[in-house]
Amino acid sequence: MFKRYSYIVLLAMLLVTQGCVVTRGTLGEPLKEESITQIKKGVSTASEVVALLGAPERVVRGNDREIFHYYYYDGKSPALLLLVLNFVRMEIKSDNLYVFFGRNGLVEEVLYSKRTPNVEFKLWPFGD
Amino acid sequence: MIPSWLSGGLLVALCVALMTGCSVRRVVVNDVVAPSNVAFIQSGTTTLPQVVAQLGAPDEILDSEFGLATIYQWSDTKASGVDFGFIFRFFSPYSPSMTLAKTGIDMEQFHVHYDSQGVVRMFGFTRHEPIRPLLWFWPF
């Protein structure tokens, strides 16, 4: 009896989820908040920042300063591929961290924002 | 007089026939920066940390002749298509592909340029595309 119900439940699950595709893609490594909070303006050096976060993804030179740019991208994409109709939606957001170094080699400014926690699996492609 | 179950079935069949071969795709990158989000920025007054506090860290920082330039990027790409050959799958072992599809890639940017002291010098959006409907497969 239990075995029969198991088959029915399995069949129902297969019927309900057929055509469903769930994909997730990331670029880079997530930025650790505890490492970022250890960066101190006017105190930390470039080598200390590298020891905390690793080498930056990009080094930008601007306004006579060296800027380390770290980033992380997270994307979630559910899809419904039915016999007659396909819905696909993908949401991608990024975290960015910029560490500015002054001429004395010490951290001058830290700019950071985290958007990836807001990435959701949204299937419905219409509306917001 | 058509029985209600039959009219309901016909309605479902009509909907299925109308949707046959339709595909709707959408790719959203980052949050939209709307003009209302940047109303607080004043040239000659607002600083880089104040902008970042409101909008978050930019996606890109560039060097310019006068100071830094920050760029916020986002996009809302919509694509849809109809495969008219799909209908053959219901009665033919071979279904030829007869697809009409259209994609609108909207990569938009908001630029803020600063002077050497990190104070906003100028700011603006890239050319803004009109809002397109999600279902627009006619490519001609």
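Predicted model: local features only at pLDDT ≥ 70, side-chain atom pairs only at ≥ 80, totals over all residues.
**Figure 1. A:Asp64 in the loop between β2 and β3 of chain A.** Most residues other than glycine have a negative phi. The relative accessible area of A:Asp64 is 42%, so the residue counts as partly exposed.

**Figure 2. B:Asn30 in the loop between β1 and α2 of chain B.** Is B:Asn30 buried or exposed? B:Asn30 is buried, because its relative accessibility of 5% falls under the 20% cut-off.

**Figure 3. The helices and strands of chain A.** Chain A contains three helices and five strands. Their order along the sequence is α-β-α-α-β-β-β-β. The radius of gyration is 23 Å, well over the 14 Å that the globule rule gives for 128 residues, so chain A is more spread out than a compact globule. Along the principal axes, its C-alpha atoms fill a box of roughly 75 × 35 × 20 Å.

**Figure 4. The surface and charges of chain A.** Chain A exposes about 7,600 Å², and carbon and sulfur atoms supply 61% of this area. Among its 128 residues, 38% count as buried. Chain A carries 16 positive and 14 negative side chains. The centres of these two sets lie 7 Å apart.

Terms used:
Residues numbered from 1 in each chain as written. Chains lettered and ligands numbered in written order. Heavy atoms only, no water. Helix = DSSP H or I, 4+ residues; strand = E, 2+ residues; numbered from the N terminus. Rg over C-alpha atoms; globule rule 2.2 N^0.38 Å. Buried < 20%, exposed > 50% of the residue type's maximum accessible area, 1.4 Å probe, protein only. Areas by Shrake-Rupley, 256 points an atom, 1.4 Å probe, with all protein chains shown as cover. Lys, Arg positive; Asp, Glu negative; His and termini not counted. Charge placed at Lys NZ, Arg CZ, Asp CG, Glu CD.
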